[in-house]
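Subject: Structure for your review

Dear colleague,

Please find below the structure that I would like to hand over to you. I would be grateful if you would read the notes that come after it with the structure open beside them.

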Amino acid sequence: MFYRLSGVHHNSYKSDTKMFPVRTDRNAIIFLLLLGIAAPFLIPSLYLNGYILPWLIWTAAVLGLNLVTGWAGQLHLGYGAIMAVGAYSAVHAARFGIPWEFALLIGGLASSLIGSLFAFTALRVKGLYLALTTLAMQFVMDWVLTHSPAISGGSHASLQAPTFALLGQDITSDAGLYYVAFGWCVLVTIFMLNLKRTGLGRALVAVREKDFAAAILGVNSFYYKVIAFAASSFIAGVTGALLVATFYFLAAPEQFAVNVSIQVLAMVIIGGLGSIIGSYMGAALILLMPGVVNQIFSGVAEFMGLEMGVETLAHIPNAAYGALIVIFLMVEPLGLGKLYANVRDYLMVWPFDQLKK
Amino acid sequence: MDWIFLAELTVNGALTGLLYSLVAIGLVLIYKSSAVPNLAQGALTMLGAYVVLAFSHNLGWPLWIAIPLAVVIMFFVGIGIERVALRRLAGRPIVMILMMTMGLDIFLRGTTLAIWGGSSRSLNLGVSYDPFFVGDMLLSRIHIVGAAVAIAIFIASVLFFRTRMGIRLRAISDDYLASWSVGISVEGGVALSWGLASIVAVATGVIWGEVQGVDQSLSLLLLKGLTVAVLGGLDSILGAIVAGIILGIMESVGSFYLDAIVGGGSRDLIVAAVLILTVMIRPHGLFGRHDIERI
């Protein structure tokens, strides 16, 4: 009905390497792209900058973590720290008078450098131990941020970001900030969409599946691990800088603390490891959920005439956030991306299901 | 240098370290049987303390009823967590198992605080706050009690691993499939280890709740417990005790010297550094089993 296909078949290598083998997918993406461009005219600016903008920026971050965890299979619990490196170096660079374009680049490269250090851990250990080391590195980074006033900006431990500007134009309007976030998210998405068509992406997948099997096939697994960490850290750094430049407007250590790392990982897992559409959905779910749960609970409490303390209401979103992760891993460990893929696979040949067999 | 003072730092560090060992023992019990790194151990500790608090303060029951009751409840909480959440994930990639325990951590913390609130309360175990003098050294009584509890749990678990049930658990930790094929209930064993770890969490929660008050910060013990467990070897209970003492001393003596240089708060830095160095130099820890695996 939607796809009008009897399955995906290829007659040539060229069609096999197409980005969108199914025409409907391409049309859907073009439609979403247009929707994204038109969003400032369709959505009130409160929702645009309060919900859509952070969602797009976090999605870029989730895609970056997906590159290293979903594609290359390396656990990373220190992603927040890497974002912090990018954010702080970019903001410091911008305060120093460097134009924002270069400041973002400096942030990305600084993150890349620090992030590659994490890769050297991946040379020694993997799995659980890699997760623990990256977690410890996150704590070290938190400590450095909170204990060095030179970086974190004095006694208030907050660093005001200068007005964001691109190509000499100050960007202060809601729509302008939105387009910056949108543009970055689209860039990262295009990069990730193309990744699976390139040798790099296939090498990363090979390393994930079995690194010594990959080595036997001539894939230098350490090299690709470093590449994965560096690329993902670059994305993290620029994303962190944009997060400060367009959403928070000032940088503070707790914006990139360990719970942020866990949150991004939760977005990746709930979205689905290695799934691009899932990254969008996972980020949306985790970001929107606390507000929605709070609304529901205060509504129910009011309706039932229950007295709920402020403290109770303050902690319920956290409990629901944890429960969401637990339930998702129990019901669908492969995440929202897998749910979407199930629906898509079903509709692909519907109503001629027999063709699939 | 004042040698008495250094000795005091060392002994107090060792005692605090043994309290960290309590957290680590809980982690080790679960890791040993099912290779699951339980990042929710901190939240379990906190929940255990709050359950004791609920009985002793909200209901006004004496502690000698409240603590055993909390032990029983937490035992079943642990078994329940394993049954509902972790069993489905057996054989899944480690990232999902880690995420599951982190999700449990967030969920347990949120639920506990939503029910009982986050303001810090004390347990009033009845241990005097007067310092305890050994020669010229000042020691804290509650730390001595806690260290004794840690040693007692260590001895109990060593004895337990010699019983029939304990041997089953050791078999499970050696080889899943072989245990299955000789008729050992692997699921039962893993569930039991979760129950035992939750009991240890109650003991940890009570001791630490007395040391620093019952509040959210109890769940932050996870990082120290994790460091101790990794340093000692994730599947060695003896390692947890020895590493606890080592880490406690390093933290106490090291932070005394480092704080003067970096201006305070170097304890967490030392813990993180020990964790990173252990994993880089000797991932299987001091006493852990060394599974040879290519990286």
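The notes below take the two chains in turn, then the contact between them, and then some local details.

Please keep in mind that this is a predicted model.

**Chain A**

Chain A contains 15 helices and 4 strands. Its radius of gyration is 21 Å, close to the 21 Å that the globule rule gives for 357 residues, so chain A is as compact as a globular protein of that length. Of the 357 residues, 46% count as buried. Among the contacts in chain A between residues at least 6 apart in sequence, 75% join residues that are at least 24 apart.

**Chain B**

Chain B has 11 helices and 2 strands. Read from the N terminus, the order of these elements is α-α-α-α-β-β-α-α-α-α-α-α-α. How does the radius of gyration of chain B agree with that of a compact globule? For 295 residues, such a globule would have a value near 19 Å, and chain B has 19 Å, so the two agree. The C-alpha atoms of chain B fill a box of roughly 60 × 50 × 35 Å along the principal axes. Buried residues make up 52% of the 295 in this chain. Of the contacts in chain B with a separation of 6 or more, 77% are between residues 24 or more positions apart.

**The contact between the chains**

Chain B gives 39 residues to the contact, and chain A gives 39 residues. On the side of chain B that touches chain A, the elements that give two or more residues are helix H4 (94-116), helix H9 (221-232) and helix H11 (266-281) of chain B. Which of them gives the most? It is H4(B), with 16 residues. Sorted by class, this side of chain B has 27 nonpolar, 7 polar and 5 charged residues.

**Two pairs of packed helices**

Two packed helices are described by the angle between their axes and the distance between the axes. One pair is in chain B, where helix H1 (residues 3-34) packs with H9(B) at an angle of about 70 degrees, with the axes 8 Å apart. Angles of 65 to 115 degrees count as roughly perpendicular, and H1(B) is therefore roughly perpendicular to H9(B). Their crossing is right-handed. Among the residues that meet are B:Tyr20, B:Ala24 and B:Leu27 in H1(B), and B:Leu222, B:Gly225 and B:Ala229 in H9(B). The residues of this contact divide into 10 nonpolar, 3 polar and 1 charged.

The other pair is in chain A. The axes of helix H12 (residues 258-271) and helix H13 (residues 276-304) of chain A come within 7 Å and cross at roughly 125 degrees. H12(A) and H13(A) are therefore oblique to each other. H12(A) passes H13(A) in a right-handed crossing. The residues that meet include A:Ala266, A:Val268 and A:Ile270 in H12(A), and A:Gly278, A:Met281 and A:Leu285 in H13(A). By class, this contact has 8 nonpolar, 5 polar and no charged residues.

**Buried residues**

In helix H9 (residues 199-209) of chain A, the buried residues are A:Ala203, A:Leu204, A:Ala206, A:Val207 and A:Arg208. What covers them includes helix H3 (45-71), helix H10 (211-216) and helix H11 (221-248) of chain A.

In chain B, B:Val274 is found in helix H11. Is B:Val274 buried or exposed? It is buried, because 22 other C-beta atoms lie within 10 Å and the cut-off for a buried residue is 20 or more. Leaving aside neighbours within four places in sequence, B:Val274 is in contact with B:Thr227, B:Leu231, B:Leu247 and B:Met250.

**Two residues with positive phi**

Most residues other than glycine have a negative phi. A:Phe249 is not a glycine, yet has a positive phi of about 70 degrees. A:Phe249 is found in the loop between H11 and strand S4 (250-251) of chain A, and is partly exposed, with 13 other C-beta atoms within 10 Å. B:Ala35, also not a glycine, has a positive phi of about 55 degrees. B:Ala35 is found in the loop between H1 and helix H2 (41-58) of chain B, and is partly exposed, with 16 other C-beta atoms within 10 Å.

Yours sincerely,

A colleague

How values were computed:
Residues are numbered from 1 along each chain as its sequence is written. Chains are lettered from A and ligands numbered from 1 in the order in which they are written. This is a predicted model: local features need pLDDT of at least 70, side-chain atom pairs count only at pLDDT 80 or more; totals for chains, interfaces and linings use all residues. The radius of gyration is taken over C-alpha atoms; the globule rule is 2.2 Å times the number of residues to the power 0.38. A residue is buried if 20 or more other C-beta atoms lie within 10 Å of its own, exposed if 12 or fewer, and partly exposed in between; C-beta atoms are placed from the backbone. Two residues are in contact if their C-beta atoms, placed from the backbone, lie within 7 Å. Ala, Val, Leu, Ile, Met, Phe, Trp, Tyr, Cys and Pro count as nonpolar, Asp, Glu, Lys and Arg as charged, and the others, Gly among them, as polar. Axes are lines fitted to C-alpha atoms, for helices over the stretch in contact, and angles run from 0 to 180 degrees between N-to-C directions. Angles under 35 degrees count as roughly parallel, over 145 as roughly antiparallel, 65 to 115 as roughly perpendicular and the rest as oblique. A crossing is left-handed if the near helix is turned anticlockwise from the far one by less than a right angle, and right-handed if clockwise.
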